[in-house]
Amino acid sequence: MPSFSNSIPNETKRHGYDLRRTPPDKPLKGIITCEKLIGCYTHWWNGRTSPCEDEGCKACESNTPSRWHCYLSLLESGTHDHIIFECTAKAALPITEYQLDNPTLRGVLLTAWRPKRRRNARVEILLKPIDLSSIKIPPAPDLIQAMSVIWQLPGAALETKKNERSMTRMTTDPDILQAQRFNPADGNGQSTNKRKVKT
Ligand SMILES: [Zn+2]
């Protein structure tokens, strides 16, 4: 049932999480809300970033280069926006090292900046545990689900598996994906709340 109102909504922001990279001119700071980072190889394919499909990946088959990126959820200082932060594998090294020594990333203050203050210049990341007694942080989003929305992957084509190292593997059914991605009625019609991805 559609829901009508006589006034414009206060909240015009779309659902989902914004993907943010480190800006060139000022540090990006925020409190990490997820327990672990997730990472994935992506391609620039058909005019947008798409995750590598691994076996049977059309982008790989056409020799399109791929890069690994790290994603984590962050409550941005100042704006209090809950965002997904993206960085390269190299920039993410301090995060993976922190993960090895500590049970969780949640509640850690992340500062990311570009010392050369240029777009695409090297990113430095500093992590610092902080006193959370006076700060309330929201629950972390389902990162895979959030990234699927950002990448416009149809929810129906998603299947996640957890392997013995407790890494979640996201696979897609290439046929469903192909059919839905190029069908305007379905392509962006995936929903974050109707379908639950098993993790
Ligand atoms: Zn690929």
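The following questions and answers concern the predicted model shown above.

Colleague: How are the residues numbered, and which pLDDT do local features need in this predicted model?

Modeller: Residues are numbered from 1 along each chain, in the order in which its sequence is written. Because the model is predicted, side-chain atom pairs count only at pLDDT 80 or more, totals for chains, interfaces and linings use all residues, and local features need pLDDT of at least 70.

Colleague: Which element of the protein has the highest mean pLDDT?

Modeller: pLDDT is the predictor's confidence in each residue, from 0 to 100. The protein averages 81, and 73% of the residues score at least 70. Among the elements, helix α5 (residues 184-187) has the lowest mean, 42, whereas the highest, 98, belongs to β7.

Colleague: Over which residues does pLDDT stay under 50?

Modeller: Where pLDDT is low, the predicted coordinates should not be read in detail. Two residues are in contact if their C-beta atoms, placed from the backbone, lie within 7 Å. The model has 29 contacts beyond four places in sequence for the stretch where pLDDT stays under 50, namely residues 183-199.

Colleague: How many helices and strands does the protein have?

Modeller: Helices (H or I, at least four residues) and strands (E, at least two) are DSSP runs, numbered from the N terminus. By that definition, the protein has five helices and ten strands.

Colleague: Which strand joins β5 over six bridges?

Modeller: Two strands pair if DSSP finds at least two bridges between them. Strand β2 (residues 28-32) pairs with strand β5 (residues 66-76) in the antiparallel sense over three bridges, and Ile31 stands opposite Leu75 in β5. Gly39 stands opposite Cys70 in β5. The strand that runs antiparallel to β5 and is joined to it by six bridges is β3 (residues 38-45).

Colleague: Which residue in the turn of the hairpin of β5 and β6 has a positive phi?

Modeller: β5 pairs with strand β6 (residues 82-88) in the antiparallel sense over seven bridges. In β6, His82 is the bridge partner of Leu75. The hairpin that β5 and β6 form has five residues between the strands, and the turn residue with a positive phi of about 90 degrees is Gly78.

Colleague: Why is helix α3 described as largely enclosed by the rest of the structure?

Modeller: A residue is buried if 20 or more other C-beta atoms lie within 10 Å of its own, exposed if 12 or fewer, and partly exposed in between; C-beta atoms are placed from the backbone. Of the 199 residues of the protein, 24% count as buried. In α3 (residues 143-150), six of the eight residues are buried, so the helix is largely enclosed by the rest of the structure. Those residues are Leu143, Gln145, Ala146, Met147, Ser148 and Val149.

Colleague: Is Arg117 buried or exposed?

Modeller: Arg117 is in the loop between β7 (108-113) and β8 (124-129). Although not a glycine, Arg117 has a positive phi of about 55 degrees. With 11 C-beta neighbours inside 10 Å, Arg117 counts as exposed.

Colleague: What is the phi of Gln152?

Modeller: Most residues other than glycine have a negative phi, and most peptide bonds are trans. Gln152 lies in the loop between α3 and β9 (158-162). Gln152 is partly exposed, with 15 other C-beta atoms within 10 Å. Its phi is positive, near 60 degrees.

Colleague: What distance separates the C-alpha atoms of Lys29 and Leu110?

Modeller: Lys29 is in strand β2 and is partly exposed, with 15 other C-beta atoms within 10 Å. Not counting residues up to four places away in sequence, Lys29 touches Ser77, Leu109, Leu110 and Thr111. Lys29 and Leu110 are 81 residues apart along the chain, and their C-alpha atoms are separated by 5.6 Å.
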